[in-house]
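Have the structure open as you read.

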Amino acid sequence: MSKRFYITTAIDYVNGQPHLGHAYEKIIADVIARARRSLGQEVFFLTGLDEHGQKVQQAAQAEKKNPQEYCDALAADWQAFAKKLELTNNDFVRTTQPRHKEFVQATLAKLNDAGQFYKAGYTGFYSAKEETFLTEKDRLPDGSFDASYGEVVELKEDNYYFKLGAHQQWLIDYIEANPDFIAPSYRRNEVLGFLKNNTLEDLCISRPLARLNWGIPLPFDPEFVTYVWFDALVNYTSVAAAHGDPALGYQPSTLNSQLSLWPADIHVIGKDIVKFHAVYWPIMLKAMGLPLPKQILVHGWWQKDGAKISKSTGNVVDPIAVINEWGLDAFRFYVLRELDIGPDGNWTDAGFRSRYQAELANGLGNLVNRSLSMLKRYRNGVVPARSNELSEDVSKAAELCKTSLLQNELQAGLEWIWKAVARANQYVDQTAPFKLAKDPAQAQRLDEVLYNLVETCRVLAVALWPYLPGTASKIYAQLGLNESPDIFSKAKWGGLQPGQVIGELAPLFPRKDV
Ligand code: MSP
């Protein structure tokens with residue numbers, strides 16, 4: 001059994017509808033998963049929902065629903081959303097599933113037996129909104145707490161704590177010895193700075209039932225449920241365990257498959273949850289005796305029109321509305337082309353439209369449409385003899401796109417493809433096939449030009465497939481190929497056979513009057 005390339009996303013809180021930020025992260029993971037499959041790797045892509053904890057309990061209460069019913073109803077929306085984005089996830093985890101809960105409890109029992117936890121009383125200032133105790137450092141200069149914490153109350157309670165301090169130096173050494181563990185590198189430096197300048201406080205891993213009952217009961221003390229982050233992080237391993245992954249050394253109660261997944265190759269997450277993934281999670285795994293994920297890949301946050309995305313102010317981008325109006329691939333293209341993995345991004349409707357017009361409609365769409373239309377008009381849609389004039393430029397672009405994909409440089413990969421699009425559009429202008437068509441003496445030259453153009457479309461479709469699978473498939477269909485452009489090795493010049501008859505043509509990105 002060979003180990004699969006295992007990629008995960010953060011699991012979203014199921015306390016509302018999905019927005020641009022959620023969609024962005026899932027699309028990043030999907031492109032990487034598709035790229036790896038296209039390059040011949042066996043991939044397991046996991047996404048899902050974080051259903052326990054105060055946020056969800058409160059959201060359910062606000063709608064006068066019991067939390068499970070509330071989660072079930074929303075989970076259906078989120079799963080439909082994953083389909084809408086055409087995510088190729090292999091599983092969808094919900095932290096209320098028995099397979100997850102049983103593994104969390106087994107993990108807790110194991111760590112408790114190993115003496116990793118202790119019980120202690122604590123008095124402190126608690127923000128229910130952020131579900132966290134605040135420290136003196138969180139106070140504003142005037143002694144109050146920021147309004148973003150909501151109501152802050154003083155609370156005394158017993159809880160279970162996970163001893164983190166003992167692991168601090170080991171973690172620093174690990175991150176220093178493994179420069180790719182946290183990417184991009186500035187996020188790694190932030191984590192190292194944090195670890196070197198602070199003493200890790202022990203992590204509270206429980207919540208008393210009196211305060212929160214929507215969680216997984218501690219197996220060794222029924223008066224408590226598990227802290228939502230401890231529960232949530234474990235999903236990356238609980239799903240592998242449920243698939244019978246021998247690396248987890250765990251016998252699930254039901255077993256339908258046997259896969260080798262752990263350690264994860266990439267956890268894709270947003271910048272706000274780095275500490276959980278790059279500090280708590282490695283320490284939890286170390287304590288569990290498990291290998292660490294190979295990489296934590298941190299993306300930035302989207303704003304809209306330069307301001308925070310927020311339901312309460314109405315400053316939102318509804319991905320479903322955008323997709324319904326412009327098509328899924330236009331949405332996938334914009335978020336991937338506009339924002340590299342790392343920095344923050346800013347959505348503007350004008351920016352979206354301008355990329356749609358310039359790069360999709362006038363760039364790629366126009367190239368494919370005019371290349372195939374000319375082939376149809378001048379050669380009855382029959383592919384002429386092979387010619388290699390654009391071979392070097394286009395092959396190079398596909399190769400560089402592949403390298404970028406393997407380095408998770410998704411934006412750069414698109415830039416390579418669009419360099420080739422520009423080159424081919426320029427080639428049309430330079431060779432002027434519409435003029436060649438008027439001169440019978442130029443028939444052979446016209447054949448050459450047409451082959452170069454349609455073969456460019458084909459090669460670019462293969463490179464494009466991980467990003468814009470629908471568009472890539474349409475290009476293949478229009479070329480009359482009844483296979484899928486999902487094998488990267490087909491991005492090799494000369495694949496299109498002379499005599500091949502192209503299919504029905506239709507604009508890939510209809511122009512919109514805006
Ligand atoms: N449930 C936790 C994650 C647990 S992972 C074991 C959580 N959920 S969340 O719904 O608040 O966020 C899910 C992901 O969406 C996070 O990676 C977060 O960074 C990302 N985003 C939420 N808003 C975002 C933007 N505005 N822009 C980009 N990504 C954003 O945290």
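This is a predicted model: local features need pLDDT of at least 70, side-chain atom pairs count only at pLDDT 80 or more; totals for chains, interfaces and linings use all residues.

Searching the whole structure turns up 30 aromatic pairs, and two of them get a closer look below.

**Phe-125 and Phe-145**
- These two rings make a tilted pair, 5.8 Å centre to centre with 45° between the planes.
- Phe-125 belongs to strand 5 (residues 117–127), while Phe-145 sits in the loop between strand 6 (132–134) and strand 7 (152–162), so the pair ties together parts 20 residues apart in sequence.
- Phe-125 comes out as partly exposed, with 26% relative accessibility, whereas Phe-145 is buried at 16%.
- Phe-125 also has a charged neighbour: the charged end of Arg-139 sits over its ring, 4.8 Å from the centre.

**Phe-333 and Trp-418**
- Here the ring centres are 4.8 Å apart and the planes meet at 45°, so this pair counts as tilted.
- Phe-333 is in helix 11 (residues 328–338) and Trp-418 is in helix 14 (residues 410–431), so the contact ties together parts 85 residues apart in sequence.

**A ring cluster**
- Ring pairs also join up into a cluster made of Tyr-24, Trp-302, Trp-326, Phe-331, Tyr-334, Trp-347, Phe-352, Tyr-356 and Phe-509.

**Another charge over a ring**
- Arg-34 has its charged end over the ring of Trp-465, 4.9 Å from the ring centre.

Methods:
Residues are numbered from 1 along each chain as its sequence is written. Side-chain values use heavy atoms; hydrogens and water are left out. Rings of Phe, Tyr and Trp (its six-membered ring) pair if their centres lie within 6.5 Å; planes under 30 degrees apart count as stacked, over 60 as edge-to-face and the rest as tilted. Helices (H or I, at least four residues) and strands (E, at least two) are DSSP runs, numbered from the N terminus. Buried means under 20% relative accessible area, exposed over 50%, partly exposed in between (1.4 Å probe, protein chains only). A charge sits over a ring if NZ of Lys or CZ of Arg is within 6 Å of the ring centre and within 35 degrees of the ring normal.
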